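Please keep the sequence and the structure in view while reading.

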Amino acid sequence: MKLAIILLAAYIVDRIVGDPRNFPHPVVYMGKAISAIEWLIRRFASAPRALKRAGLLLPLLIAGGAWVLTALLVLLLYRISPWLAGAAEVWLISTTIASKGLKDAGMAVFTELRQGDIPAARRALGMIVGRDTGHLESPEIVRGTVETVAENIVDAIISPLFFALLGGAPLAMAYRAVNTLDSMVGYKNDKYRDLGWASARLDDVANYIPARITALLLTLCAALLRLDWRRCWRTVRRDARLHPSPNSGYPESAVAGALGIRLGGENVYHSVTSFRAYMGDPLRTMEPEDIIVTARIMMLSSAIFVCLCAAVALLWQGMGG
């Protein structure tokens, strides 16, 4: 089955179906494998130097294993039926994308805010962020939601499609494994500073190009949605580098500029306050409707990108033919 069709079909499956509950998902098994290997490593290594060396095993085993297992499965299915293999690739790639889940999570927060139920909005936000949400009021709840949706445009949509274009389902699954590793062990705290360093670095490298593609896409989407695309691009150029992540600042600063709001500021993690650099200018107070606009930007940018990926796949096939 042509890669262009597979990419489009995988995206459509995610847009319609998302991640059904009570249905096996590869990320769940990746998480279990990561926990099992971490437990095994810590049984035999405790010194910082030993943990750093062992940290190289995690991406090698998890990301490498995801690629190998997916490639073997697809190869086996192609020997049975190209259509069966194509359908498997569609489903596997769709599991690496989370456009519907990201939109639904943001809209869950918006719904509670619109109804004036701040405690419920705090709980809904707490489902998708790591920061403490129990003390937040409406503007900060909006900020947390907009930041999360914006940041995950890269991790949950653009990057997996980018790697699916380059290497089909095996490479898309390897990327999802890298991203899962980063979310589980890629922390700069005492527990994971040594063991998770390689996973965090690999995630930074994997998202480097997709993050910058995303900034361009979001600027285009700002223009298409009649937002301020010039301010969007200026904000990216000025503020993206201020984010502690080498990649997350690009989508967040783009959305901040397009909406005319300021993201960043104080966040509380496990009762410890930390400050994240400001991105954007506080031209107005954040409103719950900013969540809707951010979701629209996310959905439009993802639709444009999957079409671009399909076009590139067709071009490659034409050149090869």
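This is a predicted model: local features need pLDDT of at least 70, side-chain atom pairs count only at pLDDT 80 or more; totals for chains, interfaces and linings use all residues.

## A nonpolar patch on the surface

Four residues, Leu8, Ile12, Ile16 and Val17, make up a nonpolar patch on the surface, and together they have about 350 Å² of accessible area.

In helix H10, residues 229-239, the buried residues are Arg231, Cys232, Thr235, Val236 and Asp239. They lie on the same side of H10, because the arc that they cover around the axis is only 140 degrees.

What does the buried side of H10 pack against? Its buried residues pack against helix H9 (197-224), helix H11 (249-259) and strand S2 (272-279), whereas the face turned away from the buried side carries the exposed residues Arg230, Arg234 and Arg237. At the N-terminal end, H10 is capped by aspartate 228, which has a side-chain oxygen 3.3 Å from the backbone nitrogen of arginine 230.

A polar atom of the threonine 294 side chain lies 2.7 Å from the backbone oxygen of aspartate 290. When residues up to four places away in sequence are not counted, threonine 294 touches Val146, Val149, Ala150, Val255 and Leu259.

## Two positive phi angles in one loop

Most residues other than glycine have a negative phi, and with this in mind the loop between strand S1 (263-269) and S2, where histidine 270 lies, can be examined. Histidine 270 is not a glycine, yet it has a positive phi of about 50 degrees. Serine 271, which also lies in the loop between S1 and S2, has a phi near 70 degrees, again a positive value in a residue other than glycine. Histidine 270 counts as exposed at 69% relative accessibility, and serine 271 is exposed with a relative accessible area of 67%.

## Salt bridges

The count of salt bridges in the model comes to 11. One of them joins glutamate 147 and arginine 131, whose closest N and O atoms are 2.8 Å apart. Glutamate 147 lies in helix H8 and arginine 131 in the loop between helix H7 (118-126) and H8, so this pair ties together parts that are 16 residues apart in sequence. Both glutamate 147 and arginine 131 are buried.

Another salt bridge links arginine 193 with aspartate 190, with 3.2 Å between the closest N and O atoms; arginine 193 is partly exposed, at a relative accessible area of 42%, while aspartate 190 counts as exposed at 70%. Arginine 238 forms a salt bridge with aspartate 239, with the closest N and O atoms 2.8 Å apart. Here arginine 238 is partly exposed, with a relative accessible area of 37%, and aspartate 239 counts as buried at 4% relative accessibility. Finally, salt bridges that share partners join Arg131, Glu140, Arg143 and Glu147 into one network.

Definitions and conventions. Residues are numbered from 1 along each chain as its sequence is written. Side-chain values use heavy atoms; hydrogens and water are left out. Patches are made of residues with over 30% relative accessible area and no salt bridge: like charges are joined within 9 Å, nonpolar side chains (Val, Leu, Ile, Met, Phe, Trp, Tyr) within 5 Å. Accessible areas come from the Shrake-Rupley method with a 1.4 Å probe; for residues, only the protein chains shown count as cover. A salt bridge is a side-chain nitrogen of Lys or Arg within 4 Å of a carboxyl oxygen of Asp or Glu. Buried means under 20% relative accessible area, exposed over 50%, partly exposed in between (1.4 Å probe, protein chains only). Helices (H or I, at least four residues) and strands (E, at least two) are DSSP runs, numbered from the N terminus. The arc is that of the directions from the helix axis to the C-beta atoms. Contact means heavy atoms within 4.5 Å. A polar contact is a pair of N or O atoms within 3.5 Å; within protein, one must be able to donate a hydrogen and the other to accept it, and residues adjacent in sequence count only if both atoms are side-chain atoms.
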